[in-house]
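Please look over the sequence and the structure below before reading on. The paragraphs that follow go through the helices one after another and end with a few single residues.

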Amino acid sequence: MNNNVLAQSEFGREIARESLDKGHFDLMRAALRARFGDLDDLDELARRLADRDHEENIGRIVAGATLAELRS
């Protein structure tokens with residue numbers, strides 16, 4: 001039996017989705033910053049990449065994708 005009332009409600013599921021999205025954004029931003037430093041469009045690029053295929057884009061950064069490749 002699941003005693004987590006929030007997980008059983010739409011409101012609770014929305015909070016969980018927002019938390020996951022924020023975590024994906026934060027990780028993407030950190031990966032980009034570690035690889036390329038402070039970029040003028042760091043937050044915008046991190047959001048775009050996190051909203052697409054988060055895992056694939058982290059993999060691309062780790063594998064050495066160029067900034068131009070990530071922006072395209």
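**How the helices pack**

What covers the buried residues of H3 includes H1, H2 and helix H4 (67-71). Here helices (H or I, at least four residues) are DSSP runs, numbered from the N terminus, as strands (E, at least two) would be. Buried means under 20% relative accessible area, exposed means over 50%, and partly exposed is in between, with a 1.4 Å probe and protein chains only. Contact means heavy atoms within 4.5 Å.

The model is predicted: local features need pLDDT of at least 70 and side-chain atom pairs count only at pLDDT 80 or more, while totals for chains, interfaces and linings use all residues. Residues are numbered from 1 along each chain as its sequence is written, and side-chain values use heavy atoms, with hydrogens and water left out.

Start with H3 itself. Its buried residues are His54, Asn57, Ile58 and Ile61. They cover an arc of only 105° around the axis, which puts them on the same side of H3; the arc is that of the directions from the helix axis to the C-beta atoms. The face of H3 turned away from this buried side carries the exposed residues Glu55 and Ala63. Just after H3, Gly64 takes a positive phi of about 105°.

His54 belongs to helix H3, which spans residues 54-63. His54 has a relative accessible area of 11% and is therefore buried. Not counting residues up to four places away in sequence, His54 touches His24, Leu27, Met28 and Leu49. Asn57 also lies in helix H3. With a relative accessible area of 4%, Asn57 is buried. Apart from neighbours within four places in sequence, Asn57 is in contact with Met28, Leu49 and Arg52.

How do H1 and H3 pack? Their angle is about 10° and their axes are 10 Å apart. Axes are lines fitted to C-alpha atoms, for helices over the stretch in contact, and angles run from 0 to 180 degrees between N-to-C directions. H1 and H3 are therefore roughly parallel to each other. Angles under 35 degrees count as roughly parallel, over 145 as roughly antiparallel, 65 to 115 as roughly perpendicular, and the rest as oblique. H1 passes H3 in a left-handed crossing. A crossing is left-handed if the near helix is turned anticlockwise from the far one by less than a right angle, and right-handed if clockwise. On the H1 side, His24, Leu27, Met28, Ala31, Leu32 and Arg35 meet His54, Asn57, Ile58 and Ile61 in H3. The residues of this contact divide into six nonpolar, three polar and one charged. In this division, Ala, Val, Leu, Ile, Met, Phe, Trp, Tyr, Cys and Pro count as nonpolar, Asp, Glu, Lys and Arg as charged, and the others, Gly among them, as polar.

H1 also packs with H2. The axes of helix H1 (residues 10-36) and helix H2 (residues 42-51) come within 8 Å and cross at roughly 125°. H1 and H2 are therefore oblique to each other, and H1 passes H2 in a right-handed crossing. From H1, the contact is made by Asp21, His24, Phe25, Met28, Arg29, Leu32 and Arg33, and from H2 by Leu42, Asp43, Leu45, Ala46, Arg47, Leu49 and Ala50. By class, the contact of H1 with H2 has eight nonpolar, one polar and five charged residues.

Which residues of H2 are buried? They are Leu42, Leu45, Ala46, Leu49 and Ala50. These residues cover an arc of only 125° around the axis, which puts them on the same side of H2. They pack against H1, H3 and H4. On the face of H2 turned away from the buried side are the exposed residues Glu44 and Asp51.

Within helix H2 lies Ala46. Ala46 counts as buried because its relative accessibility is 0%. Leaving aside neighbours within four places in sequence, Ala46 is in contact with Phe25, Met28, Arg29 and Leu32. Ala46 and Arg29 are 17 residues apart in sequence, and from C-alpha to C-alpha they are 5.0 Å apart in space.

Is Asp38 buried or exposed? At 59% relative accessibility, Asp38 counts as exposed. Asp38 and Met28 are 10 residues apart in sequence and 13 Å apart in space, C-alpha to C-alpha.
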